Amino acid sequence: MIRIPTFVKLALSFPLAEESPHFHLRSFRVGKRIFATLWEKENKAMLKLTPIDQSVFCAYDPTVFYPVAGGWGKKGATLVNLAKVRKDMLMDALKLAHDGLNTKKKKPAVNRRNSKAR
């Protein structure tokens, strides 16, 4: 079982991680990019994983890791039941979520001058 203060400490242990509000939730970010949110009342957290990483964690135990309902879940947003998750598994998932911020490729800038049809 992971308590709320433990989750916060773990999430903030990553390089450049900061906490800031995201609507009614606490979010954990690097710059403006969120890698986790904390749902205190529900005793769960959301981690932004890749769909492949999500499938691996969800295969372990779908009562511990499970996709967010709808489109966000299909993109890798994964809920974690803090009452059931082991600390080592949570750290692995948090690391993937945090490190995933650095691997997402930005779309190349469009050269508007050359993009017009001739």
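Student: Which residue in β4 is the bridge partner of W39?

Tutor: The bridge partner of W39 in β4 is K44, where strands are DSSP runs of E with at least two residues and helices are runs of H or I with at least four, both numbered from the N terminus. Residues are numbered from 1 along each chain as its sequence is written, and side-chain values use heavy atoms, with hydrogens and water left out. This is a predicted model, in which local features need pLDDT of at least 70 and side-chain atom pairs count only at pLDDT 80 or more, while totals for chains, interfaces and linings use all residues.

Student: And how many bridges join β3 to β4?

Tutor: Four bridges join β3 to strand β4 (residues 44-48), and the two run antiparallel; two strands are taken to pair if DSSP finds at least two bridges between them. They form a hairpin with four residues between them, and N43 in the turn has a positive phi of about 55°.

Student: What about β2 and β3, parallel or antiparallel?

Tutor: β2 and β3 run antiparallel and are joined by five bridges, and S27 has T37 in β3 as its bridge partner. The hairpin of β2 and β3 has two residues between the strands, and G31 takes a positive phi near 65° there.

Student: Why is β3 described as largely enclosed?

Tutor: Five of the seven residues of β3 are buried, so the rest of the structure largely encloses this strand. Buried means under 20% relative accessible area, exposed means over 50%, and partly exposed lies in between, with a 1.4 Å probe and protein chains only.

Student: Switching to aromatics, how many pairs are there?

Tutor: There are three aromatic pairs, under a rule that pairs rings of Phe, Tyr and Trp (its six-membered ring) if their centres lie within 6.5 Å, with planes under 30 degrees apart counted as stacked, over 60 as edge-to-face and the rest as tilted. One of them is F7 with F28, an edge-to-face pair at 5.6 Å centre to centre with 75° between the planes. This pair links distant parts of the chain, since F7 sits in helix α1 (residues 4-11) and F28 in strand β2 (residues 25-30), 21 residues apart. Both F7 and F28 are buried.

Student: Which other pair is edge-to-face?

Tutor: F14 and F35 form an edge-to-face pair, at 6.3 Å centre to centre and 80° between the planes. F14 lies in the loop between α1 and β1 (17-22) and F35 in strand β3 (residues 33-39), so the pair ties together parts that are 21 residues apart in sequence. F14 is buried with a relative accessible area of 11%, and F35 is buried at 0%.

Student: OK, now α2: which residues are buried there?

Tutor: In helix α2 (residues 51-60), Q54, F57 and C58 are buried. Seen down the axis of α2, its buried residues fall within an arc of 100°, so they line one face of the helix; the arc is that of the directions from the helix axis to the C-beta atoms. On the other side of α2, I52, V56 and A59 are exposed.

Student: Last one, where is V8, and is it buried or exposed?

Tutor: V8 is found in helix α1, and with 11% relative accessibility V8 counts as buried. V8 and L38 are 30 residues apart in sequence and 8.3 Å apart in space, C-alpha to C-alpha.
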